[in-house]
Amino acid sequence: MKAHGAYRTKNLILAEYDRMAAAGLTLETPLTEGESGTYRSTLTPPPGQGPRHD
């Protein structure tokens, strides 16, 4: 906190939450695997499943 003035992880999580909320994702309407739409996770492809892991 002293070095950067903020918690970077907290800021990244809140930014991702805002993106999900803007796309209309909720607990009642979650993103389903393989669905295309207005939201695409920044973890696409999921960790360990990218091109270097083929």
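Glu16 counts as buried, at 17% relative accessibility; buried means under 20% relative accessible area, exposed over 50%, and partly exposed in between, with a 1.4 Å probe and protein chains only. The model is predicted, so local features need pLDDT of at least 70 and side-chain atom pairs count only at pLDDT 80 or more, while totals for chains, interfaces and linings use all residues. Residues are numbered from 1 along each chain as its sequence is written, and side-chain values use heavy atoms, with hydrogens and water left out.

Glu16 belongs to helix H1. Helices are DSSP runs of H or I with at least four residues, strands are runs of E with at least two, and both are numbered from the N terminus. Helix H1 covers residues 8–22, and its 15 residues should span 21 Å at 1.5 Å a residue; the expected span is 1.5 Å times one less than the number of residues. The end C-alpha atoms of H1 are 21 Å apart, which agrees. After H1 comes Gly24, with a positive phi near 85 degrees.

Apart from neighbours within four places in sequence, Glu16 has contacts (heavy atoms within 4.5 Å) with Tyr39, Ser41 and Thr42.

Glu16 also forms a salt bridge with Arg19, where the closest N and O atoms are 2.8 Å apart. The rule asks for a side-chain nitrogen of Lys or Arg within 4 Å of a carboxyl oxygen of Asp or Glu, and by this rule the count is 1 salt bridge. Both residues, Arg19 and Glu16, lie in H1, 3 residues apart, or about one turn of the helix. An α-helix has 3.6 residues a turn, so residues three or four places apart point the same way. Arg19 is partly exposed, at 35% relative accessible area, whereas Glu16 is buried.
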